[in-house]
Amino acid sequence: VNTGDRVELVGARVLFLGRSSGAINVGGNKVLPEMIEDLICEFPKIANAKVFGKPNAIMGALVFSEIVIAPEFSGESNSLIKEELIAFLRTRLKSYQVPVSYKVVDKIVLNTNGKILRKKS
């Protein structure tokens with residue numbers, strides 16, 4: 001059954017990677033926002049994240065993000081947290097998957113089901 005979901009088989013487990021329809025096309029490479037969001041949220045100073053694509057004349061799209069700083073780190077410099085986050089992501093992602101922008105926001109808007117609210121293109 002084709003559900004439109006991207007998954008990975010790891011041993012006997014099936015891991016959800018994201019929706020095929022939500023992939024960001026960066027120079028012909030597919031980037032799944034949910035995968036990047038999960039990785040950003042593994043960084044201890046980040047409470048939540050939203051990843052999305054923005055059109056780019058050369059690459060098709062670029063990866064952007066909104067991040068919520070974890071409350072216990074709210075007194076730290078946002079610039080320093082962003083630098084640490086970028087260094088963290090560069091060791092775990094391919095260069096085209098690393099967001100080019102990190103906007104600090106107070107909250108990520110969720111729909112009634114508790115999922116990140118994504119704009120319809």
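Modeller: Residues are numbered from 1 along each chain as its sequence is written. In this predicted model, local features need pLDDT of at least 70 and side-chain atom pairs count only at pLDDT 80 or more, whereas totals for chains, interfaces and linings use all residues, and side-chain values use heavy atoms, with hydrogens and water left out.

Biologist: Why are strand 5 and strand 6 said to pair?

Modeller: Strands are DSSP runs of E with at least two residues, helices are runs of H or I with at least four, and both are numbered from the N terminus. Two strands pair if DSSP finds at least two bridges between them. Strand 5 (residues 46-56) and strand 6 have 10 antiparallel bridges, so they meet this definition. Within strand 6, Val63 stands opposite Gly53.

Biologist: What makes strand 5 and strand 7 edge strands?

Modeller: The open sheet has the order 5-6-7, with mixed pairing. Strand 5 and strand 7 (101-104) each pair on one side only. Strand 6 and strand 7 run parallel, joined by four bridges.

Biologist: How do you know that Phe73 touches Ile81?

Modeller: Contact means heavy atoms within 4.5 Å. Leaving out residues up to four places away in sequence, Phe73 touches Pro44, Lys45 and Ile81. Phe73 itself is in the loop between strand 6 (60-69) and helix 2 (78-90).

Biologist: Which residues does Ile40 contact?

Modeller: Beyond its neighbours within four places in sequence, the contacts of Ile40 include Ile46, Ile67, Leu85 and Leu89.
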